[in-house]
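Subject: A structure for you to explore

Hi there,

Here is the structure I promised to pass on to you. Have a look around first, and then read on for what I found.

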Amino acid sequence: MVKVRFIWLGLAVLLGLGGWLQGRAGSAGSLADAPDISWAAPKDAHLHSFGAVNRDLVAQDNGCTEITYRLSGDLSKQTHQGCFVRVAFGWYDERASMVIFGNTDEAMSLYYGSSPAAVSAIPRSILMGRFGGNPPVGAYYYLYKNLPAALQEERFYPSLKPYKLIANPPDDVLRDPHGDPLAINGGALAYANGGQWMVTEAPGQAMLRINLATLQMQPFGRTLDDAGRPYASHSAKMAITEDGRYAAVVSLEYKLFQVYDLKKCTPTDKTLAMLAPDQCLAHNYWSWIEGKAGSITGVTNLNFGSDSLLNFDLTSGSQTTHYALSPDGAITSLIPYLGMGDSYSSGEGANNYLAGTDTAVNRCHLSMRSYPLLLNQDSFGGGGHSVACSGATSADLGRTDLGYTGQTKDQRPVSSRLADGSIPQILQNFTPGYVAQQAFVKAYRPGVVTVGMGGNDIGFADIILRCVSPLNKVWKPEVNEPNCYAAQEDRLELKQTIDGHFSDWVALYRQLQKANPAGRIYAVSYPYITAASGRCGLNVRLSQSELLFTRQVVDYLNQTIARAAAVAGVSFVDISSALAGHELCSPAADAMNGLTAGTDEIVISHGSYHPTALGQYLMEQAILKATHNFTIATGPQLTGDSGGPLLSAPAAGRAVVTVVPTGTISPNSILAGGSLPVSVEGNTAGLNPGGSYQVRLDGQTIGGLILNNSGNGAGQAAIPANTTPGLHEVSIVGPGQSGQTIVITKIIYVGGSATDTDGDGLPDAVDSCPIVTNSGVDQDNDGIDDACDNTPNSSSTAGVDVGGATGQDTVPPPITTATVHTNSEISTFDPQTPTNSSAIVAINTTTIKRASGVLGVTAATNPKFIAARARPEQTTNSPDGNTNSRNMAAPKTTSVDQKVLYPDLPHFPWQLWLVVVVGLLGMYQILGWAADKLG
């Protein structure tokens with residue numbers, strides 16, 4: 001009988017342990033099931049000092065960014081300084097009650113009645129809070145769900161500058177459980193960076209976490225007033241994580257440096273006090289920190305860099321030092337390197353896109369030949385990764401709020417991906433496009449981070465395409481050639497667009513520092529894509545004046561990025577000359593793609609005017625040289641011209657407008673005579689909710705939009721049937737919130753017909769260059785007209801983008817090298833004589849299809865299957881002119897200990913399951929043996 005009982009005991013242990021393992025392996029990763037960080041019971045707390053803090057930064061204390069602005073309507077153009085928080089419709093300075101709409105440099109005062117509005121800026125949100133009322137202690141908190149819709153322009157006198165008046169009543173007020181307005185302490189309040197959560201204090205009642213979407217409250221800690229004494233308003237520093245789980249409260253008066261775990265709370269009896277605080281696990285770090293850093297006389301800039309990292313500036317005596325606190329041991333890097341950025345960092349145009357980044361849903365086009373993955377292989381032993389994604393803006397790098405929808409076609413917010421449990425897999429596989437790139441920095445704290453971004457913020461691709469299109473050129477008689485951006489006003493608008501994103505870039509670099517204080521961040525510039533002058537191929541389509549102009553744009557963009565890096569305190573890496581001798585129109589001209597036909601839903605490939613595999617290699621080498629193989633941090637770069645060379649063009653005498661480039665107002669292409677769907681998110685561009693706007697094609701009105709109360713609008717515009725096939729500018733034009741004219745622009749392709757895209761009379765099915773009229777020249781006899789042949793001097797399809805899967809992603813796959821696309825290492829494949837043991841992928845490029853027809857691209861006069869080795873050897877010319885043979889393979893995949901990132905989400909390979917099963921069977925045998933002995 002005893003033996004039987006022991007057998008059943010063994011079986012129970014087997015089933016229980018198996019169920020426990022299965023339950024842990026199947027955790028969904030939702031907010032409710034987020035991994036435990038030991039803030040409330042620190043295991044091995046670590047305090048890391050990052051040196052003395054600039055006194056100007058100490059005074060900010062609200063995560064704001066310094067901005068130089070002009071007052072709207074001030075013709076003197078006098079500049080002012082303020083410290084602004086990024087909100088959904090622009091920037092807001094709480095102390096001065098100043099608002100900047102969109103990315104302009106014009107600010108307006110914000111009033112409520114005759115007094116400056118006491119508005120609280122909720123980061124990245126369209127919501128805004130305002131304090132008011134006259135409770136005995138504190139203030140009532142009123143909520144505007146869409147502040148721009150509540151504003152109207154006013155002037156105290158006609159001769160004075162305009163200001164914005166909050167003309168509408170608030171949408172809601174924070175209420176207690178009885179339904180009465182709830183007073184809170186405005187001196188003890190903080191928001192999550194994404195704007196979903198607020199943490200504050202209800203005087204005399206409790207500390208509160210508030211979901212700003214629902215106004216649901218969680219009382220989690222006792223208030224800071226002394227029992228038996230009337231409450232006196234005080235100031236406490238507070239912070240809350242983006243997922244709302246952990247909250248920090250710091251009070252000098254009460255010697256409190258407490259961090260709460262709001263998932264681990266025991267509800268209290270609310271019959272006597274509806275806001276009685278729940279008993280939440282917490283830990284007070286005050287004494288421990290004083291033992292490490294000295295007597296605490298001040299704490300400022302308190303914020304969570306991630307769920308496991310708390311940043312703050314601590315004053316002890318006369319010295320203020322920046323610290324980071326972690327409850328789980330040393331603040332060290334989990335991976336040595338991470339590459340971040342846009343298409344110039346992802347390797348768009350270099351092909352060989354990694355699996356999972358070239359599908360119908362995900363078009364990040366992360367190339368195994370991109371400079372971050374080359375750096376990872378050559379300098380970091382393959383232990384790092386890249387999450388760069390083609391098309392990324394600074395928001396795609398920095399937005400980590402739950403409403404962020406990523407860059408993928410499914411447009412699902414982060415909250416949805418958390419709910420279905422896909423976020424852990426995305427992070428573990430380093431799959432870009434689904435979450436903001438900063439999320440990987442927070443999860444892995446890389447030792448070195450390279451950041452290449454800014455071009456998409458200013459619409460760099462459209463700038464080049466505008467110059468490529470003959471419809472957007474002006475004849476320049478002094479040099480007897482056409483020229484884009486021919487007027488000084490055109491260039492001033494471009495300069496203002498670049499300047500308008502300076503603060504975004506400063507804020508992004510600072511966010512990365514907060515998320516990864518122990519890492520080194522390098523802001524990487526853009527290379528010149530053209531020679532200053534030279535003989536251009538037929539696929540370049542730029543005049544000599546335009547070659548110089550493109551370099552001036554790159555110069556000013558790089559100088560602005562350099563200034564932002566210097567202000568934020570990160571290193572700037574200048575690689576502007578990385579492609580010297582290999583740019584477009586240079587003698588070699590082999591490091592850049594020219595105009596290239598697309599093969600998916602776009603007519604012109606995104607790889608056009610992007611670096612080739614050689615260009616990516618040259619960029620890698622320039623970075624290594626500038627940083628001495630990442631052994632030094634480059635110095636600050638605050639100098640640079642004021643845009644003088646960029647502005648060197650004759651004035652046309654027209655008014656200057658505010659240009660907002662965007663890739664989302666319309667489709668990329670349409671046929672002449674078609675109906676063009678147009679939509680706009682007006683708040684982000686600084687438009688007026690409820691306003692009326694024109695839709696224009698190349699300056700001619702073709703439709704209109706009326707925005708709704710939320711600032712959004714959608715409609716249709718008719719493309720004239722006689723529109724010349726080619727590149728055209730679609731724009732939405734009308735007044736902005738600050739009174740200036742806003743022009744939201746996008747370059748689209750208008751096709752002649754479904755069977756003859758460029759309208760040259762040659763059907764697409766037999767036209768080797770269906771996007772522009774053929775030149776009739778084919779130097780390399782490869783069957784591709786030189787007008788859109790990326791390699792007019794070489795018989796290959798290196799410039800043709802052959803990617804574009806048709807399937808849908810349900811769960812993003814890991815980044816691997818399983819998918820290999822055509823590239824400059826293409827060779828004929830003889831199955832009898834394989835060159836190495838690597839996998840060979842054969843790609844038939846005799847005919848490549850796209851949405852509107854067939855591109856007649858051949859793989860030489862005698863079509864064959866052509867192959868690309870998974871780990872090809874590339875012979876290139878190095879910058880010093882020598883020939884180098886280098887392995888261009890993808891980096892080794894290095895897994896990070898999942899228990900570090902997701903202790904509740906372990907992954908068990910089959911070998912571990914086998915060990916577990918054998919071990920449990922052994923346990924069963926031992927229990928049986930023990931039962932025999934006892935029996």
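You will find threonine 560 in helix 13, which covers residues 544-568. If you set aside the neighbours within four places in sequence, threonine 560 is in contact with Ile498, Asp499, Phe502 and Trp505.

Please keep in mind that this is a predicted model.

**The whole chain**

Stepping back, the protein chain contains 17 helices and 47 strands. How many of its residues are buried? Of the 935 residues in the protein chain, 55% are buried. The accessible surface of the chain is about 37,300 Å², and carbon and sulfur atoms account for 54% of that surface. The contacts tell you something about the fold too: taking those between residues at least 6 apart in sequence, 65% join residues at least 24 apart.

**Helix 10 and its surroundings**

Now back to helix 13, this time with a partner. Two packed helices are described by the angle between their axes and the distance between the axes. Helix 10 (residues 460-468) packs with helix 13 at an angle of about 170 degrees, and their axes are 11 Å apart. An angle over 145 degrees counts as roughly antiparallel, so that is how helix 10 and helix 13 lie to each other. On the helix 10 side, the contact is made by Phe460, Ile463, Ile464 and Cys467. Helix 13 brings Glu546, Phe549, Thr550, Val553 and Val554 to the contact. Sorted by class, the contact of helix 10 with helix 13 has 7 nonpolar, 1 polar and 1 charged residues.

Is helix 10 mostly buried or exposed? With 8 of its 9 residues buried, helix 10 is largely enclosed by the rest of the structure. The buried residues are Phe460, Asp462, Ile463, Ile464, Leu465, Arg466, Cys467 and Val468. Which elements do these buried residues pack against? They pack against helix 4 (343-346), helix 11 (488-500), helix 13, strand 39 and strand 40.

**Another helix pair**

**A few loop residues**

Glycine 739 has a relative accessibility of 54%, and so it counts as exposed, for which the cut-off is over 50%. Along the chain, glycine 739 and glutamate 106 are 633 residues apart, but their C-alpha atoms are separated by 9.7 Å.

Arginine 175 belongs to the loop between strand 13 (172-173) and strand 14 (183-184). At 40% relative accessibility, arginine 175 counts as partly exposed. Not counting residues up to four places away in sequence, arginine 175 touches Asp180, Pro181, Leu182 and Met217. The C-alpha atoms of arginine 175 and leucine 215 are separated by 8.4 Å, and these two residues are 40 apart along the chain.

Glutamine 411 has a phi near 55 degrees, a positive value in a residue other than glycine. Glutamine 411 is in the loop between helix 6 (394-398) and helix 7 (414-419), and its relative accessible area of 43% makes it partly exposed. Cysteine 585 also has a positive phi, near 70 degrees, and is likewise a residue other than glycine. The place to look for cysteine 585 is the loop between strand 32 (571-573) and helix 14. Is cysteine 585 buried or exposed? Its relative accessible area is 4%, and cysteine 585 is buried.

Enjoy exploring!

Best wishes

Methods: Residues numbered from 1 in each chain as written. Predicted model: local features only at pLDDT ≥ 70, side-chain atom pairs only at ≥ 80, totals over all residues. Heavy atoms only, no water. Helix = DSSP H or I, 4+ residues; strand = E, 2+ residues; numbered from the N terminus. Buried < 20%, exposed > 50% of the residue type's maximum accessible area, 1.4 Å probe, protein only. Contact = heavy atoms within 4.5 Å. Areas by Shrake-Rupley, 256 points an atom, 1.4 Å probe, with all protein chains shown as cover. Axes fitted to C-alpha atoms, helices over the stretch in contact; angles between N-to-C directions. Parallel < 35°, antiparallel > 145°, perpendicular 65-115°, else oblique. Nonpolar A, V, L, I, M, F, W, Y, C, P; charged D, E, K, R; others polar.
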